[in-house]
Amino acid sequence: MPRRHLHVTGAAREPLGAVLRDLRTRLDVPEEFPAGVLAEAEAAARAPKLPERDETGIPFFTVDPPTSTDLDQAMHLSRRSGGGYRVRYAIADVAAFVVPGGALDAEAHRRVTTLYFPDEKTPLHPTVLSEGAASLLPDQTCPAVLWTIDLDADGRTVATDVVRALVRSRAKLDYEGVQKAIDDGSAEEPVALLSDIGKLREALEVERGGISLNVPEQEIVTSDGGYEPAYRCPLPADSWNAQISLLTGMAAADLMLASGNGVLRTLPVAPDGAVGRLHHTAKALHIDWPHHVPYSALIRSLDPADPHHAAFLQECTTLLRGAGYSVFSGGTRPEITTHAAVAAPYTHCTAPLRRLVDRYASELCLAACAGQEPPQWVLAALPELPKEMAEGTRRANSVERECVDIVEAALLKDRIGEMFDAVVVDVKDHEPAVGTVQLTEPAVVARIEGGSSALPLGERLRVRLTQADPGRAKVRFAPA
């Protein structure tokens with residue numbers, strides 16, 4: 001079963017520091033930035049390449065976790081005078097600070113993505129940029145790639161423009177605060193419209209057959225100076241915010257395909273066998289799935305609080321494996337142009353402070369919108385980007401998976417032999433007595449094995465902890 005997305009909150013101390021340091025060494029995680037890279041970053045922070053266009057009069061705001069300081073995106077939402085909506089989405093302009101071929105550029109290609117650990121993060125760019133001069137922090141004037149996307153009354157894109165501009169965010173908001181303000185009616189219109197536009201875009205996602213899995217996230221939080229895992233159910237505001245990013249990624253993909261130069265995030269359609277397996281899983285979980293009901297429609301009817309539904313939603317993540325990047329130039333389109341979960345062409349372009357490919361996507365879209373050829377340094381880098389991103393994503397996934405395993409083992413290391421209540425959320429196809437269980441308390445998801453009979457998928461089960469040793473042995477359970 002694929003892990004839930006890992007979100008790290010708070011700041012923690014020892015005793016797991018040594019284990020996490022060993023993990024960083026084992027996964028070849030980059031250490032401190034070289035002196036030359038830091039010097040180049042500090043010089044760029046003092047004197048970035050600033051655009052002529054000034055849009056600091058637009059009251060942008062950001063929506064991020066409360067502790068985030070590497071802020072890639074800021075938005076402003078408004079109604080259009082003729083009907084519909086206008087989305088202004090400012091993306092951090094990393095190219096204003098990073099010189100192609102320089103030390104900063106080379107180090108970013110070595111790191112590829114920001115890596116998040118419970119005790120610290122390993123940033124893609126030095127913090128003087130990623131959490132300072134290049135971050136869209138409130139009351140700071142920054143260079144940005146400014147998207148203006150006009151929507152009709154149904155939320156469909158009718159016009160897209162991308163330019164470089166100076167912007168200034170006015171407020172750093174978080175998901176819970178935004179949700180509360182929208183729910184109680186206290187949100188001013190630029191924020192309140194996040195709900196209106198988000199719901200329209202969700203409806204269009206349903207119409208085109210896109211998929212957004214509403215699965216609780218497993219996160220690591222701090223408690224009494226230590227770590228522990230917890231479950232977090234995404235709020236509607238999380239989804240509405242994600243829809244703005246998806247909207248931009250889809251608009252970027254359209255620009256790239258029209259211009260003949262681009263890098264797309266692609267995912268092939270799941271083979272019939274994989275969908276057929278899900279039909280069998282649904283039947284085993286007593287979920288009614290008529291053959292005329294599309295997969296995308298079924299998952300929207302499920303409640304992740306229901307153990308049977310939660311198990312099925314976890315199984316659905318298997319259809320999202322196989323995502324990659326497809327590059328093209330000179331007008332030759334790639335064989336696959338769509339992302340099956342988005343159900344449309346799509347690209348990553350909204351997180352350049354944390355993901356290498358997004359800087360290149362911005363340049364490709366700026367050139368496409370201006371009717372110009374992309375810079376040569378962008379075209380020269382395209383062929384290697386998919387391989388670089390695949391390796392960076394693999395390392396990021398390993399960090400996420402290993403960190404959760406370590407924290408779970410640390411939490412349970414003194415409780416070997418104890419019994420817990422759990423739900424079976426996954427069973428191996430050819431080993432029905434082996435699978436994955438999700439504990440109700442604490443928030444642990446781990447392997448179960450050692451029973452003599454098939455595990456009851458989607459059912460509650462009493463389990464016994466058989467091993468837990470941070471840094472040595474992952475958490476394992478057996479049927480009680």
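**Contacts and architecture**

User: How far from the ring centre of Phe-117 is Arg-24, which lies over its face?

Analyst: A charge sits over a ring if NZ of Lys or CZ of Arg is within 6 Å of the ring centre and within 35 degrees of the ring normal. Arg-24 lies over the face of Phe-117, and its distance from the ring centre is 4.8 Å.

User: What pLDDT do local features need here?

Analyst: Residues are numbered from 1 along each chain as its sequence is written, and side-chain values use heavy atoms, leaving out hydrogens and water. The model is predicted: totals for chains, interfaces and linings use all residues, side-chain atom pairs count only at pLDDT 80 or more, and local features need pLDDT of at least 70.

User: How many residues separate Asp-93 and Arg-164 in sequence?

Analyst: The two side chains form a salt bridge with an N to O distance of 2.7 Å. Asp-93 is in the loop between β4 (85-92) and α3 (103-111), while Arg-164 is in strand β8 (residues 157-173), so the bridge connects parts whose sequence separation is 71 residues. Helices (H or I, at least four residues) and strands (E, at least two) are DSSP runs, numbered from the N terminus. The separation is thus 71 residues.

User: Arg-164 also forms a salt bridge with Glu-363; is Glu-363 buried or exposed?

Analyst: The closest N and O atoms of Arg-164 and Glu-363 are 2.3 Å apart. Glu-363 belongs to helix α11 and Arg-164 to strand β8, so this pair joins parts 199 residues apart in sequence. Buried means under 20% relative accessible area, exposed over 50%, partly exposed in between (1.4 Å probe, protein chains only). Arg-164 is partly exposed at 28%, Asp-93 is buried at 2%, and Glu-363, at 6%, is buried.

User: By how much of a helix are Arg-394 and Glu-391 separated?

Analyst: Their side chains meet in a salt bridge at 2.6 Å, N to O. Arg-394 is partly exposed at 42% and Glu-391 is partly exposed at 40%. They are three residues apart in helix α13, so their separation is about one helical turn.

User: What is the geometry of the Tyr-360 and Trp-377 pair?

Analyst: Rings of Phe, Tyr and Trp (its six-membered ring) pair if their centres lie within 6.5 Å; planes under 30 degrees apart count as stacked, over 60 as edge-to-face and the rest as tilted. That rule gives four aromatic pairs. For Tyr-360 and Trp-377 the centres are 5.4 Å apart and the planes stand at 65 degrees, so the pair is edge-to-face.

User: What relative accessible area does Phe-477 have?

Analyst: The ring centres of Phe-420 and Phe-477 lie 5.9 Å apart with planes at 80 degrees, so this pair is edge-to-face. Phe-420 sits in strand β13 and Phe-477 in strand β17, so the contact ties together parts 57 residues apart in sequence. Phe-420 is buried at 3%, and Phe-477 is buried at 0%.

User: In what order do the five strands of the barrel close?

Analyst: Two strands pair if DSSP finds at least two bridges between them. Strand β13 (residues 419-427) pairs with β14 (residues 435-439) in the antiparallel sense over five bridges. The pairing in the barrel is mixed, and the strand order is β13-β14-β15-β17-β16.

User: At about what angle does helix α10 run to β13?

Analyst: Axes are lines fitted to C-alpha atoms, for helices over the stretch in contact, and angles run from 0 to 180 degrees between N-to-C directions. Contact means heavy atoms within 4.5 Å. Helix α10 (residues 307-316) lies across β13 and β16 (460-469), and its angle to β13 is about 45 degrees.

Methods. A salt bridge is a side-chain nitrogen of Lys or Arg within 4 Å of a carboxyl oxygen of Asp or Glu.
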